Amino acid sequence: MKQQRVLAAFVLFLSVCRDLCSSQTYVLNDKEGLGRVFDGIGGLSGGGATSRLLVNYAEPYRSQVLDYLFKPNFGASLHILKVEIGGDAQTTDGTEPSHMHYENDENYFRGYEWWLMKEAKKRNPNITLIGLPWAFPGWVGHGKNWPYDFPDITAAYVVNWIIGAKQYHDLDIEYVGIWNERSFDSKYIKVLRNTLDKVGLSDVGIIAADGDWSIANSVIVDPYLNDAVNVIGAHYPGTNTVMDALKTQKRLWSSEDYSTFNDEVGGGCWARILNQNYVNGLMTATISWNLVASYYEELPFGRDGLMTAEEPWSGNYVVESPIWITAHTTQFAQPGWTYLQTVGHLAQGGSYVALTDGKGNLTVVIETMTHSHSVCIRPPLPPFNVTSQNATFQLKGSFASIKELQVWRSQFNFKTKKPSFFEKLTPVKLSDGSFSLNLAEDEVYTLTTITTGQKGSYPDPPPSARFPKVYKDDFNVRNPPFSEAPDFADQTGVFEYYVNLTDPGPHVFTLRQVLTERPVTWAADSDQTISVIGDYQWQNLTVTCDVFMERVKTGGVFIAARVDKGGQSIRSAKGVFYWVFADGTYKVTNDLAGQTVLAEGQSGTQAYGWHTLSLTVNGQYASGLLNGYPLWKKAVVLTPKNGWAAIGTHSYELAQFDNFAIEAEQ
C-alpha cells in the first residue's frame with residue numbers, strides 16, 4: 001500500500017514537473033528563408049487635435065517629451081509618425097485647421113502637425129511620415145457632406161498638402177491615406193494615384209482604406225486599383241487579418257491601433273498586439289492612436305496615448321508604460337529588417353517574434369501578457385490562458401554562431417504594483433546556440449545582438465497642477481509661432497490669431513473664428529462653433545471677453561461656462577451660454593444648441609462694433625454684463641455643476657474675440 005502511495009506521488013510529481021520543469025524548445029532559423037519585411041512602429045497625431053496642448057509647453061519640457069517619443073535609443077524611438085491632414089472639422093478631441101479653408105486659400109503654417117513632423121525628423125531623419133484626412137473643408141464637397149463626387153478636386157486638395165509639406169517645410173510625405181474609417185471610393189483612389197504621378201510624386205504610396213479589410217476584395221478584382229494601392233491598412237484588427245488581404249500579397253498594416261488608457265493594462269495591451277499583429281496577422285507595421293495624450297483629459301478617450309502631456313501650464317508630463325514597451329522593439333529593429341518565419345505562440349501562452357537585418361544581427365521579443373492585464377479598448381478579446389514557463393530558444397542557420405545576447409526586461413508585477421520597465425540585465429551567454437529563460441506572467445523580454453539600447457531619462461518634470469484660476473489672454477502676438485492661441489481647444493470651427501488692420505485702436509491683434517461653411521464632417525459637429533478652455537472641475541467663475549460680429553443681422557457670438565461635453569458629443573453640450581446677436585438681442589441658454597432658454601431680451605448689440613461680455617456663474621445662479629452694465633441676472637442654472645469655459649459663434653460665421661479673461665473661485 002505504501003509503495004502504491006509513493007508511486008502515485010511520483011507520477012503526480014512527474015506530471016507537474018512536465019509542465020513546470022521541462023523546457024519547451026523554440027527554433028529560430030533563417031535556413032528556409034525569411035518572413036515579411038518589418039515596416040516599423042509608430043504614433044498618430046490627430047484624429048483629432050490629440051497633440052493640441054503639447055505645443056504650449058515651455059522648454060525644456062516640450063523637447064523632453066519629443067525626445068521620449070522620437071529620439072533614437074532613448075525612449076519609444078518611433079519609426080513612423082502619422083498625422084491628420086486637418087479638415088476644419090471635429091475628429092475626436094477637437095478640430096484641426098486645413099491648409100485650404102476656402103477654395104482660393106492656401107496656408108501651410110496652420111496648426112501644429114507641420115511643427116511636430118519637423119521635430120520628429122530633427123530627432124530621427126529616417127522617420128516615415130504619413131498623412132490621412134478625417135474631414136475636408138466644405139468647398140471640397142460642393143455643398144454635400146461627401147468628398148467623392150468631384151474626385152479630382154479632393155485629390156488636388158490632398159496633393160497640395162503633400163507638395164506644401166515639401167515646399168515650405170522640406171518634409172517628404174511617404175504615404176497618404178483616403179478617408180479615415182469611412183467609405184472608400186475606388187475611382188477616387190485611382191484619381192489620387194494619377195494626380196500624385198502627374199506632379200512627380202510617384203514615390204508617395206497610398207494606404208487604403210484605414211477601416212476594415214473590405215478593400216482587399218476590391219483590390220483582387222480590380223487590377224487598376226491593385227496598381228494604385230501600396231499598403232492595405234486596417235484599424236483595430238484584433239491581431240487578425242482575413243484571407244482576401246493575404247491573397248493581395250500586399251503589405252498589411254495595423255494603421256491605427258491601441259486607443260487604450262495608458263495605465264499598466266494599456267501597456268500590456270500594447271505589448272501583446274505589437275508581437276501578435278505579426279504572429280497572428282502578418283501585419284508589418286502598427287501605429288498607436290494616439291502618439292501623446294495632449295488634450296484635456298475629460299474629452300473623449302482621455303489619456304489614450306503612449307504617454308501623457310496634458311498640462312502645459314504646469315510643465316508636468318508622465319512617461320507611461322507604453323513608451324518602454326515600444327522601446328523593446330523599436331530600439332533593436334529598424335524598418336527594412338525582416339521577420340523570421342520562425343515566430344509564434346509560446347506553449348503556456350504568450351508570443352515571440354524574431355527579426356534580422358540580414359547582416360548577422362538578431363532581435364527576439366517575447367511577451368507573456370495575461371488576458372486580464374492586456375485588454376485593449378477594442379475589439380473584444382477572446383479568452384486565453386498564460387502561465388509561467390521555461391522556454392529554450394535554439395538558434396540555427398546564420399545565427400548558430402552567436403555567442404552572446406543583450407537582455408532587456410519589463411515586469412508588470414500587477415500583484416505587488418511595483419512594475420519595472422525596460423531594465424537592462426546581464427547579457428546571456430549562449431552554449432551550442434541556445435539559451436533558456438524562466439518566463440513569469442506579464443513580462444516582456446528583448447534578447448538582441450544590438451548593443452546601443454538605452455533607457456533615456458530626464459530629471460522629474462514639475463509637479464502636476466490645476467489650470468490657473470486667474471487667466472488672461474489679449475492675443476497681442478505680432479508673429480505667433482502657431483496659428484492658435486494657447487490652451488483653447490476648438491471643438492467645432494477654427495479659431496486663429498488675426499491681425500485686424502481695419503482697427504487702429506486697441507483691437508489690432510485678435511482671435512478670429514474663420515470658417516464660413518460647414519465642413520465635410522467626420523463626426524457630428526455642432527451647428528455652432530465653439531472653443532473650450534480651462535479646468536473641467538470649475539463651478540463658480542466669471543468669464544469676460546470682447547466680441548466683434550462680422551455677419552450683419554443674422555450674426556451671433558457667445559461666451560460660456562460649465563461646458564460639460566466636447567469631442568464627438570459636442571452637439572449635446574450643456575452649460576451656461578451667454579449669447580448676443582447682430583439684430584440687437586441677447587439670449588442665455590443651458591445648451592450649445594440654444595434650445596433651453598434661461599433668459600432673453602434686447603441688447604442693442606450689432607455687427608462691426610466691439611462689445612464686452614461678462615458672465616458670472618455662482619451656485620445655481622448666473623448673471624451677465626454688457627459693456628460693464630448688468631444686462632440680466634439670477635438666471636437659474638441647475639445643471640451642469642461644472643465644466644470648461646468657452647467662446648464661439650451662432651453659426652459658421654466670421655467673428656473676433658479679444659481680451660479674454662477668467663476668474664475662477666479660489
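Predicted model: local features only at pLDDT ≥ 70, side-chain atom pairs only at ≥ 80, totals over all residues.
Select Lys565 to begin: this residue is partly exposed, with a relative accessible area of 29% (buried means under 20%, exposed over 50%, partly exposed in between, with a 1.4 Å probe and protein chains only). Lys565 forms a salt bridge with Asp564, their closest N and O atoms being 3.8 Å apart (a salt bridge is a side-chain nitrogen of Lys or Arg within 4 Å of a carboxyl oxygen of Asp or Glu). Asp564 is buried, at 18%.

Residues are numbered from 1 along each chain as its sequence is written, and side-chain values use heavy atoms, leaving out hydrogens and water.

Next, select Arg110 and Glu496, whose side chains meet in a salt bridge (3.3 Å, N to O). The two residues lie 386 residues apart and link distant parts of the chain. Arg110 is buried, with a relative accessible area of 10%, and Glu496 is buried, also with 10%.

Then turn to Asp149 and Lys144, which form a salt bridge of 2.7 Å, N to O. Asp149 is partly exposed at 36% relative accessibility, and Lys144 is partly exposed at 46%. In total, the structure holds 22 salt bridges.

Finally, select residues 321-330, helix α10, where ten of ten residues are buried (helices are DSSP runs of H or I, at least four residues, and strands are runs of E, at least two, numbered from the N terminus). Among them are Trp324 and His328.
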